[in-house]
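Q: I have a structure open here and would like to go through a few spots in it with you. Can we start with a loop and move on from there?
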There are 2 protein chains.
Amino acid sequence: MKVDIGNALASEATPGVPEGALDRLDRRVADAHDTIAAGRAASTHGYESLNLPSTVDPEAIRAAVAPFDDCDTLLNVGIGGSALGAATLTDALADDVEAYYLDNVDPEWIEDLLSEIDLESTAVNVVSRSGTTAETLANFLVVREAMDDAGVDWTERTWVTTGEAGNLRNLADQHDLPALDVPDGVPGRFSALSTVGLAAAAFADLDIEAVLAGAGEVADDLSGSLYDTPAYAYGAITYALDVRGAGVNAMMPYAESLETFAEWYAQLSAESLGKDGLGQTPVRALGATDQHSQLQLYRAGPHDKMVTLVRPEERADRAIPETDLEGLSYLGGSTLGDLLDAEFEATEASLAQADLPNVRIEIDEVDERGLGELLYSMEAATILAGELYDVDTFVQPAVEWGKKAARGLLGGGEFEEADAVDQKTELVVE
Amino acid sequence: MKVDIGNALASEATPGVPEGALDRLDRRVADAHDTIAAGRAASTHGYESLNLPSTVDPEAIRAAVAPFDDCDTLLNVGIGGSALGAATLTDALADDVEAYYLDNVDPEWIEDLLSEIDLESTAVNVVSRSGTTAETLANFLVVREAMDDAGVDWTERTWVTTGEAGNLRNLADQHDLPALDVPDGVPGRFSALSTVGLAAAAFADLDIEAVLAGAGEVADDLSGSLYDTPAYAYGAITYALDVRGAGVNAMMPYAESLETFAEWYAQLSAESLGKDGLGQTPVRALGATDQHSQLQLYRAGPHDKMVTLVRPEERADRAIPETDLEGLSYLGGSTLGDLLDAEFEATEASLAQADLPNVRIEIDEVDERGLGELLYSMEAATILAGELYDVDTFVQPAVEWGKKAARGLLGGGEFEEADAVDQKTELVVE
């Protein structure tokens, strides 16, 4: 992976980072790297995520999904980190199976989905560390009922991915379901490279060893300088731009296959760094599509943002046919890939020319190895940024507040958070 | 439609708008409304968009798509405003047909899509006002070639939506293709309620008259006070919060069917208001899914943002089955809709309790009438905000710069913009 931060320097962009400031920041990167390395060595909560390439057991994952070899559809029932890592992999690479992610409790959507797929050839992966996530368990109960109604034995079609104890573990024991362990020390948003992200990928016949190999190469190469470590260069520049006023980071891959990656990164960044009044706001964009929309704002709006442009250096291509349509003959002889690359470079130059900071990330290809490299690098970048912000990267207290309020509203116990709902101040215009 | 701005008042949120300031702003809303009304009366460029409910001819749209009655798949070849309005409608409501939007030039994605669909039963809508949009024309050339290769007569399967003259108009004349006019005075991002957005909806058997009726009701009710006009209440509060520091607006519908709506709004807002150093950054979110991700940042991060929560008041529902799973009996007897509503209200309260400004938008239902009302209201809100910012809402000069650079790179003419690409400053870490 290459990270090019040239267009984020103060000589090129506003806000931008002076080269001298970057050199000084690199001393903090060295310290942060020591903290990260020590956390990895001690398997400390959170830092342990960076050890996954060597701690995860791909054989066990393959064994758990082997019984579902005859299924061509997956329902992955999980939300947040229990969905996005797996979805990033299968949305990018799955060819032969359909993987659906039940990461919302919208009844119309779920009803439509259940009526459209063939439950006879569908496998279900229920993912919740605690086994009590309300959305996930409610959806699982609905899916189980639908399978019963369709005359499908759900116990033959389900595996669980969960913690050592709890509802889902008990359910697996009771019905002899394959069960994968959610690893200790790995928060959900850092679990793409664990059982949580890789089981769906294995179900979809992806080469999960190659994903881990791509990640492992980055793991082995982490060093104490942003000038030697692309992941740290990215984490450091996002931090350095944010504290200089770029509070928004638009993650803009130039590949449809990486659209879910941008969503995964948005969770990783927001939930890890959004605390203590700090944290960049991640925005999911897509090139070239959003050039016809967001680019107006990026180029001509406030200088409160940076743009991250991501692309593969190689991709399968398709020639644009020759044409006699007026003014379009220049397209003939080119390929769609040429056009997309020209748009990428034009957008990058257009932002640079407007002095808006931007960063280029390139991977070799959107394949298993490339995705392993990219996901691991973004996790390392986020953890590095957390050290620079000096926040507690691996907790998410603000997510918990709403969970308690919702549970209280549904009669699932006494929670003072639920009382706040009745205190709503109204000023309704209708 | 109801808009509740109670949680955006200074008594509740930081940043927030003092009630006295809102009253004073309402005088500017009255002036802006006069400008808008005068623009509509004179059919001035841009303002003319708000006249679409009475100027568009649904019969002509139905007639253009009638020849494709035997097709069950649509390829809509268009980008930006030539895709998002139509996609908002069909993604929300289409049941019986599949509508795909070729709004990117990613060769792998297009190759996959063309190999998966049955071109025999596919109709193609090529949408470009100028008839020269590089991405759209390149994709159309590729689709046409794929149809030729599959032995399908593309001239029997294609309609165009374009301006009065140009490549696509000539093509339609030459091959006797149905042709719809892109209306004058309506920028692409405001064209959802025109031929551009409604033809795909008609192809998908949606009730386009109901869409227009929902929009028309809002059009008839626009008045000179934000306290009487939900659309203006929304436009005014986004402006008033932005200038007080909420530079980000997270649009968060609680309905999977409205996911594309959030994307459509992001274009509408960014491209209309992102100029002269001004403009909020729209962020697309989705409830309840993003509670497990972005909410941490929204609640505990910087107070540089507002959240817009959108939901239908009614939806089809599904009961959650009773369960003996430990600690989850409270879910039995509830519905998925109850759970989703509890999450909505919990999130709203959780933001209010953290003093983060938020606004609630409710429509009756996600149906044709409700979408017409919502889309028109957001357009009116955006135009009102443009008056308050005092920017030129209906132009997009920054989008054009990148187009010229890309065209120059591909050898489509001499453009000095292309030279900027060679001047890239590099600082590569690999």
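Q: Where is Gly333(A) found?
A: In this predicted model, Gly333(A) sits in the loop of chain A that runs between strand S9 (305–312) and helix H13 (336–353).

Q: Buried or exposed, that Gly333(A)?
A: Gly333(A) counts as exposed, since its relative accessibility is 64% and the cut-off for exposed is over 50%.

Q: And which residues is Gly333(A) in contact with, leaving aside its neighbours within four places in sequence?
A: With those neighbours set aside, Gly333(A) is in contact with Ile320(A) and Glu322(A). The C-alpha atom of Ile320(A), a residue 13 places from Gly333(A) along the chain, is separated from that of Gly333(A) by 6.5 Å.

Q: Other loops, then: where does Leu286(A) lie?
A: Leu286(A) belongs to the loop between strand S8 (281–284) and helix H12 (294–300) of chain A.

Q: Is Leu286(A) buried or exposed, and why?
A: Leu286(A) is buried, because its relative accessible area is 8% and buried means under 20%.

Q: What does Leu286(A) touch, not counting residues up to four places away in sequence?
A: Within chain A, Leu286(A) touches Met252(A), Pro253(A), Ala255(A), Glu256(A) and Glu259(A), and from chain B it touches Asn104(B). As for Leu258(A), which is 28 residues away along the chain, its C-alpha atom and that of Leu286(A) are separated by 8.5 Å.

Q: One more loop residue: where is Thr393(A), and what is it in contact with?
A: Thr393(A) is in the loop between helix H14 (368–389) and helix H15 (397–409) of chain A, and it counts as buried, with 3% relative accessibility. Leaving aside neighbours within four places in sequence, its contacts are Arg189(A), Phe190(A), Glu271(A), Ser272(A), Lys275(A), Thr382(A), Ile383(A) and Gly386(A).

Q: Switching to chain B, how many residues has helix H1 there, and what does it reach from its first C-alpha to its last?
A: Helix H1 of chain B covers residues 19–41, which is 23 residues, and it reaches 32 Å from its first C-alpha to its last, close to the 33 Å expected at 1.5 Å a residue. Just after H1(B) comes Ser43(B), with a positive phi of about 50°.

Q: Which residues are buried in H1(B), and what do they pack against?
A: The buried ones are Ala21(B), Leu22(B), Leu25(B), Asp26(B), Val29(B), Ala32(B), His33(B), Ile36(B) and Gly39(B), and the buried residues of H1(B) pack against helix H10 (230–242) and helix H14 (368–389) of chain B. In general, an α-helix has 3.6 residues a turn, so residues three or four places apart point the same way.

Q: What about H9(B), which residues are buried there?
A: In H9(B) the buried residues are Ile208(B), Ala210(B), Val211(B), Leu212(B), Gly214(B), Ala215(B), Gly216(B), Val218(B) and Ala219(B). Their cover includes H1, helix H2 (52–55), helix H3 (58–65), helix H4 (84–93), helix H8 (195–203) and H14 of chain B.

Q: Stepping back, how many helices and strands has chain A?
A: Chain A has 16 helices and eleven strands. Its radius of gyration is 23 Å, close to the 22 Å that the globule rule gives for 430 residues, so chain A is as compact as a globular protein of that length. Buried residues make up 68% of chain A.

Q: And how far apart are the mean positions of the positive and negative charges of chain A?
A: Chain A has 25 positive and 81 negative charges, and their mean positions are 7 Å apart.

Methods. Residues numbered from 1 in each chain as written. Chains lettered and ligands numbered in written order. Predicted model: local features only at pLDDT ≥ 70, side-chain atom pairs only at ≥ 80, totals over all residues. Heavy atoms only, no water. Helix = DSSP H or I, 4+ residues; strand = E, 2+ residues; numbered from the N terminus. Rg over C-alpha atoms; globule rule 2.2 N^0.38 Å. Buried < 20%, exposed > 50% of the residue type's maximum accessible area, 1.4 Å probe, protein only. Lys, Arg positive; Asp, Glu negative; His and termini not counted. Charge placed at Lys NZ, Arg CZ, Asp CG, Glu CD. Expected span 1.5 Å × (residues − 1). Contact = heavy atoms within 4.5 Å.
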